[in-house]
Every structure is written in structure tokens, then in C-alpha cells.
Amino acid sequence: MEYLVSTGIGALTASGVYLLLRRQMFPVIIGLALLSYAVNVFIFSMGRLAINQAPIFEKGVSAYADPLPQALVLTAIVISFGMTALIVVLALRSFLETGSDAVEEAVQDPQATIKDDKESVVR
Amino acid sequence: MSIALVCLIPFLAALVAPLAARGGRTACALATAGASAAALAVLLTQAPAVWAGDVLRSAIPWVPQVGLSFSFFLDGLGLFFAGLILTIGVLIIVYARFYLSPDDSMGRFFAYLLLFQGAMLGVALSDNVLLLAIFWELTSLSSFLLIGFWRQSEEGRRGARMALAITGGGGLALIAGLLLLGQAAGTYEISEIIKRGEAIRASSLYMPALLLILVGAFAKSAQFPFHFWLPHAMAAPTPVSAYLHSATMVKAGVFLLARLWPALAGTEAWFLIVSGVGLVTMLVGAWIALFKDDLKAILAYSTVSHLGLMTMLLGFGTTAAATVAIFHIFNHAAFKAALFMSVGIVDHETGTRDIRRLGGLRALMPISGALALIASAAMAGVPLLNGFLSKEMMLEAAFTANYAGLPWLMPGLAGLAALLSVAYSARLGVSAYLGPERHDYPHHPHEPPAGMWGPVAVLVAPVILVGLAPMTFAAPLVSRTAAAVVGGPIDAFKPALWHGLTPALIVSVIAFVGGYFVWRFHARIDAARRSAPRPDGRRLFERGLANVVGASRSLNARLHSESLPSYLAAMLSAVVVVGAAGFFTATHAAGARETLPINAPAAVMWAFLVASCVALVMRHGDRLLALIVTSVIGVVVCVAFIQFSAPDLALTQISVEVVTTILLLLALNLLPRETPRETSVPRNVRDGALALACGAGVAFLSFAAMTRDVASIADYHIAESKPQGGGTNVVNVILVDIRGFDTFGEIIVLCIAALAIYALLDSALRGEAARRLAAMRQGVESADAHPLLLVVATRVLLPLALVVGVYIFLRGHNQPGGGFIAGLVVAIALLMQALASGYGWAARRSRINAHTLLGAGVLIAGATGAAAFVFGRPFLTSTFGYFHIPLVGQIELASAMAFDLGVFLTVVGTVIVALAQIARVEARAERAATPEGPLGRGYGERATGAGREG
């Protein structure tokens, strides 16, 4: 199982990093989400893997999964939601403000710019 | 403590001055002068003890680990210098009250002046060299503010910048030098350092320390080749010039040389460098002063020249010369401050400072004219005035110095400087004040108010008194100060008007005669000078500065590419390099811990995951597809959590997944649907290589960690969960109890994120963004925006979902669940209403404001934590008990549950705010096409008028 989990984390990281390096906002957001998964699972796996040992205390049971990484990851998941939401909104606002979805100043991709000059409605 | 008080009073008063300015200009000046006078009074109460030979100290440790302490000491030199700073300070403040125009902000001016005064006092009184360095830099900073006080003037800003660059830069060298000095002496207290001169001069650190300290002192005191900043600092208001360049700022360097004289002086290097630089400065300053037409520029270069004189005297390394240096500091402060103020009066009254346009002012303003003439005579060294005495004694000291084996060099060149000084003084005094009366001034000059010439008179008084009776008015002060400088007894200090026909007197006479001729033939000499090339310090400085700025701009342009991918690539490459270094220098083989066997469902899930990752990389251009694949990955992660005994995580992950997907879908609706392909192959290869390196590194790292055993602190948490936290779900107990403070911080972060989202999108409904939204409205809308089935299903499900949420919340302490998960479930249930029936429909029916939820959540969690204070326990201490409720039975209630309620409310609030804001922007874009919810029409509709905003 450790093979699967570690290679899984590796796959998530690699694809996350690749998307993070794209020039458009949306792939960057997706890349960040993938990296969040990878980091969460990584932290979780630092408590080592355990099957059928949920950290719910019961009399007579002695083996439990490590609850501490779980607690840390639980809040990390919720915080990463907050972060994703903020970044999405930032991306949205900057797109609405500039008409461009690019995260790189130098490259002005004409396709990313919505053609609103002709249709512009003056309020 | 009262020594520290002397230095603190101006700093405190700097805060008061702007407030006092509300009471008018006079009130502001009174408060400022009062503060300086109070500091002077405190200082003078200490004077008797100091003059009796005591050295007063007061110290508070600051950072004792690095030898930094807040320590002050007061000896003869400190008393002399602090007294000079404060006395002239009071006079300057009075003068400035009348000099500044009503348009100038007097509160700001006096606040800067007091800051500067406090910093100067700190320099004069610091015992600790590091503290001295701090005050030293403070004088550079505050003088920057003063010199650039007239911000609207380009010249003022340039002058201020140059002064800061030179003196502040010199200050950096000084810090290094003082640190070395402290190392060499074995102490950072000046009162100790000056007793250890022998050891310091024998140390191998002496030479570097000396050179660095001299750079700092020379830069501050405008010694050659740093002399060019001082004249440009004359762009400051005249009271500032008078203060900075007579008694304070530029004297700081000379003061430092005097302060450290017992520690550093007496070596060959000291003599050659310090007296040599001083001599050159004296000559260069006097020479340039001779050819300036601006009165203030003449004074500026004359100041440079006189500072050179003092430096040269200190450089001789003899006690007699050091005594003369102190005498001249005193004399120069008096006549130079008086002259600066007089020039300010001329400028103020006539509107010009150009010597070619001035003349005959003595008749137009008799009092200030007479005062200015006396002061310029003192500057020239005319007998019966104080300048004569110190000049004579300077020449005498020069005759004792044998520089580079040439005994005539020092007296000869010093005499030449004296000659030039006679010439420029004559030019200043005679051309401006004597001669025929003129009537072509920009303003017709009058005698200024007494507030302006009064301070000049106060300064001219000692010029005359010391000149007539030096033994009475100067000797006691100078000899006590000089004794403090050299750190021991001095040769008898006997200034007298007549010493007999000494070589010094002969040189003096030659200087007067020569000076007269130079003045007479000034025009011809000037013409000859103009035909010769000469270096311009300011232009060199400006060019050097422009080169440095250009270099940093081009470096910046290359590094700061404004491209997120480049920055990230750089950071990730650094991470890979650090990781690789660790990988190749340490063991990285798999550990010995037994691995779990792979089962078939897990393998299938893994295949799903890898396939999804590959698909994302290949097909991320189709954004909707990318979003769907991402949520598939989220589900796989969730299943992994179930598999590996983390039910809480699985619940959280699945609900966050739902919320995130809705959020991204809403956002995608407004963003372009496609990502354009990136065609740059080298770049894709670079990114791919970087991504693979990162992925492989993380995979190896996690595998190496997971296959090793670990000593965890988990056992403590599991054992104490029930007895102390009152719950069996250890994860939840950790969240709301054991590590409750972390959770409290986290919900505050969520709250901030929600508010930031609100702020970002709330203003998007105006301006450019709003126009763009309006332009998008023409997009194709689904004919059935609110499918009936979805609407009915969500409304039926709402109460059920809410009940599930409450259930998950309540059981959270003992079974998987809790505030985070319950909050997400309830938020989803509420969101479904908005999605199915329209944002406007849902907004009109929601009774609770999402912002209220956010605030209430954080407040409840905080109040629960703070409640522990009532019982005398630390923040967030929890308690629990068992209660019997009829019908329900025995239940357990923990205070942590109230905390969890806070978490719950914050999560609900955050999600609702985020999604509702996006939905609102969306509603704006599609307001025409969206029909009302099908069941909303006809019943349950409150009268809300226009409905959607627009």
C-alpha cells in the first residue's frame, strides 16, 4: 500500500506542479488544488498507514491510527478550501478588471482576451 | 537617569510640537523652545558635578547579549557639546518662529527639529558605541527630513538625498569601525574605551577600525573628499542650515574624533591621515568659498574649511592642539550660527542672497547689519574678536607639527587658508553690508523683527566677550572640556590678545595683507580660475548615483519579470536543488517497517488517480473537463482516507469537494471556457522536467518516511481524549480542545478569507468590471435555467439536510463528525436552494445574514475560550459534565461543544459568503435571461419590489 500512496502523492505533485507553471489562471488554480491534495495526503501519511484502526476511543482496543496528522489535515482541507475560494475570486476579479486570464505580463495572448470592444455596453 | 532625560525630552516633545501647532505658530514655537530649555535646565543641574571632575553614568541593559545597552554618560566634553546643541537650539527655534512663512507647516518643522536635536544629544551623551551608532544614523535620517523640508523644491530634495547618502553611508562604515573598536578594547562602553588607548593602539584591529571610523566621521563633517554634500544641503530653510552647520550635524564628526581622541590619537597614521585631510579640506573649502556668489554658499564652504581646521588640530595629536580645537568649535559655533541667521535675514528682507545684487544693507538695517559685520570679522580672524584668538593658536600649533619631514608645510598652508578666509569674509561682509545703498532689491528691506535679530545678538555677545577677555569667558569652559577630551590634565590654556611678536602673529599679518589683495583683485583671479578645468563633486556624485540606479534597474528588470511561471519555476528549482542535495548526501533507502499488502480496490483507485493526473496534464485546455477530473481525484483521495482509518477526513474531504466544485463551476461560468494551448516546446519540457523532479522527490520522501517506525505523541492524545476532553473521537477532541488555539486561529483565517472575497467581488459590480459583466450578458442561456425536478428535490431535501447537519455536529465529539463537517453539510444544503431556484429567490428568503454567522462564529469560539478566565484557568481550558434530559436520557455536554459551534457557524458563513458573492456577480451578468424559480411565482413571494439589484 505504501508504494501506491507514495507514487500517488508523487503523481499528484508532478501534475500539480506542471499545471502551476501554466500561463493561464485556471490551470494554476487546478494545479494548486492538486498540490493541496498531495500535501494533505503527505502529511496524513506521516502518521503511517493503518487499516481499520480509526482513532475513535473504545474500551479494550489498543491499536489506533495516529489522530494528530488527521486533525492537522482536517483543518488543512478546510483552510485550503478558503484559499482556493480566495484565489478563484482573485482570478475572477482580475479577469473582469483586465479582460485577460494570463498570469504573465509579457505574453499577451489574444485568445485569452474577450472581445468586448464591439459589444461593450455603456451603462 | 537625568542624563537620559536630557536626550529623551526632545524626542517626547517632537510628538507634542505638531499638536501644539493647532494652538498657533507662537504656541508651537513656545512648546518647542520650552522643551529645549527644559532639557538644557536638566543638563545644567548636572554641570557642577561634572565640572568638579565627576563622570556621571546611567545605564539600562537593552540587548546585553551583543553588548548593547541604553547607557549614557556625561563628562566635560559631553556637557560642552550638549550645552552647545541645546543653547543654539533654543535660539534657532526663536529665530525660526519669525523666519518661516505662514505657508510652512510649523508643527512638522519643529517636530523634525526636535527629533534631530534628540538624536544629536544622543550622539553627544551615549556611553555605548552601538547606541551612539544608532543615534548617529538617526541624525542622518532626521537631517534628511530637515534639509528636504521644502518638499516642493527639487533642489531641496536632491540636497537631502545627497546628504543622506553620504552621511548615512559613512554611518555604515562607522558602525563597522565601532564594532572593531569594541572588539579591540574588549568593551562597548565609551567611558571604558577611552581609558584603554594603549591596548587599542597595540591591537591588530586598530588600523581597520581607525580607517572605518574616520570614513564615518569625515563623511559627517564634510571633510575632503566628502565635502560636496554640505553646500547642497543649503537648500534647507535657513534656520536648519544655521543649526546643522554651525553647532550640530557637521560637528558630530569632529565631536567623534574628539570623543575617541584618547583611544585613537597619537599614532603616525592618525597624524598623517587626520591632519592631512583636515588641512586639505581647510584649503579646498576656503578656495571654493572665495568664488561663490550666493551668501549661503560662501558660508557653507567656509564651514567646510573651518571643520577642516578643527580636524587638522585634532589630528596633530597633542593636548595643546586638541585644546585649541575645542576652543575653535566653541568660537565657530557662535559666529557661524550668527552669520547664517544674518544671511537668512538678508534673504528674508531683500528676497535675494546673490552677493552681486547686494550692497549697503548696513544703512537699511543697522542693527542686524552691525551684528553680521562683527560676526564676519570674527570669521576673518580680526583681533579683539574670538576668531582671532583661535586662529592665532591654530597657527601656533601648526608651527609645532612636522608633516612629512617638511616643518614649513603645515604653517605655510594653514596661513594660506587663513589668507583665503580673510578674503572671503571681506567679500561677504563688505560687499553685502557696506558700500552705497541700493534700491533695486526684489523687496524693500527693513530691519527685521527683534525675534530674528535677537538670537543673532545673543550669539554675537560671546564673540566680543571672548575676544576681549578670553581668560574670563572662555578659559574655564575650554580647559575643562579639553581635559575631558584628552582624558587627563592639559597644558595651561592661556589665550591672550598679545603673545609678543610670534611667528604665528607674523603669518597672521601676512594673511591679512594678502587677503586684502585677493579681495581687491577677486574679479581677475576669478576669471583666471574659470579658464582652468576643475572637478565638480556634485556632478561626479550624480553620475555615480545614476550609474548605480541604472545597474539596479537593469538587474531588477531581469529578475522581476512580472511572470508568475518564472517566479514559481525559480522557487521550485531551488526546492529541487535543496532536496537533491539532501538526497545525495544522506541515506535514502527504504526503511525496515513492514508494508501493508496491496488490495485490488486500492490498485483500481490508484490507477484512476494516475490516469486522472495524466489526463489533466494532457487535456487541461478544456476547463470543464479539467474541473470534472479534479473532482474525481478528490473522490479518490476521500476513498483513501476511508481506507486508511480516517473517517473524519473522508467526511470533510467529500463535503469540501462538493463545495469547491460548485465554486469553480460558478467561476468558470464567467471565465473563458478554454485554456489556449501553450506551444513553446522548450518551455513545456522545462516545466515537465521540473514537475517530474518534484513529484519523484516527494514520492521518495514519503515512501522513505512511511517505511520507518516513528515515536509518535499520538498515545498521549488517545489516552487523554476521554478522561480530559470528554470525547472519544480523538481527532475532534484534538481540534476543539487539545489544540483548540490552533483551530481558533484557523477559523479566524477562514473569516478573513471570506471578508476578502466579499470585498473583492462587492466592488466588481462597478466600473470596468461591471461593464465587462454587462457585455457578457448576451451569452446563451439554458432555456430551462431552473429545472423543476431539481427545485422540488432541493426544497424537500433542505430540512433533511439540516437535520443531518445537526446530527453530525452533535455526535462529533464521540463519533466522526463535528463543527467543520456539519458546517460544510449545512452550507451545501443552503447553497442547493440558491443553485436550483436562483440566487435572488434564495437571498430574499434567507433570514440570517452570512456576515452575522461569520462574526458570531468567531465571537462564540472566542467567548468560550475566554470563559475559562472566569474560573482562573488559561484561555480555552475546557470542561464537561453529564446531564439527564427527560426523554433523551443521559447526555454529555462539554464546553468544547460551544467552541465547536463557533467553528460550525464560521464554516457556514465562509462558504455562503464566498459562493453567494460569486453567484451575485453571475446574476448581474445574466439578469435578463434568468426566469424566476417556477414554484416561487404566485406564492410565498414577499413584496420586494425590483428584486435583483442592478
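# Salt bridges, cores and a helix pair

D687(B) and R686(B) are joined by a salt bridge in which the closest N and O atoms lie 3.0 Å apart. The structure shown here is a predicted model, and a search across the whole of it, over all chains, finds 18 salt bridges.

**Salt bridges**

- In the bridge between D687(B) and R686(B), D687(B) counts as buried because its relative accessibility is 0%, which is under the 20% limit, whereas R686(B), at 37% relative accessibility, counts as partly exposed.
- In chain A, the side chains of E97(A) and R93(A) meet in a salt bridge with an N to O distance of 2.9 Å; these residues stand 4 residues apart in helix α3 (residues 67–98) of chain A, and they are therefore separated by about one helical turn.
- E97(A) is partly exposed, with a relative accessible area of 30%, while R93(A) is buried, with a relative accessible area of 17%.
- A salt bridge of 2.8 Å, N to O, brings together the side chains of D293(B) and R427(B), and this pair links distant parts of the chain, since D293(B) sits in the loop between α14 (268–290) and α15 (295–316) of chain B and R427(B) in helix α20 (residues 409–433) of chain B, 134 residues apart.
- Both D293(B) and R427(B) are buried, and together with D354(B) and R356(B) they are linked in a network of salt bridges.

**Nonpolar cores**

- The largest nonpolar core has 204 residues, and those with the most contacts inside it are F110(B), W229(B), L264(B), W270(B) and F316(B); its largest share, 19 residues, comes from helix α16 (residues 319–350) of chain B.
- Leaving aside neighbours within four places in sequence, F316(B) is in contact with F271(B), S275(B), A321(B), A397(B), A398(B), A401(B) and M410(B).

**A helix pair in chain B**

- Sorted by class, the residues in the contact of α5(B) with α6(B) are 16 nonpolar, 6 polar and 2 charged.

Methods:
Residues are numbered from 1 along each chain as its sequence is written. Chains are lettered from A and ligands numbered from 1 in the order in which they are written. This is a predicted model: local features need pLDDT of at least 70, side-chain atom pairs count only at pLDDT 80 or more; totals for chains, interfaces and linings use all residues. Side-chain values use heavy atoms; hydrogens and water are left out. Ala, Val, Leu, Ile, Met, Phe, Trp, Tyr, Cys and Pro count as nonpolar, Asp, Glu, Lys and Arg as charged, and the others, Gly among them, as polar. A nonpolar core is a set of buried Ala, Val, Leu, Ile, Met, Phe, Trp, Tyr and Cys residues joined through side-chain atoms within 4.5 Å. Buried means under 20% relative accessible area, exposed over 50%, partly exposed in between (1.4 Å probe, protein chains only). Helices (H or I, at least four residues) and strands (E, at least two) are DSSP runs, numbered from the N terminus. Contact means heavy atoms within 4.5 Å. A salt bridge is a side-chain nitrogen of Lys or Arg within 4 Å of a carboxyl oxygen of Asp or Glu.
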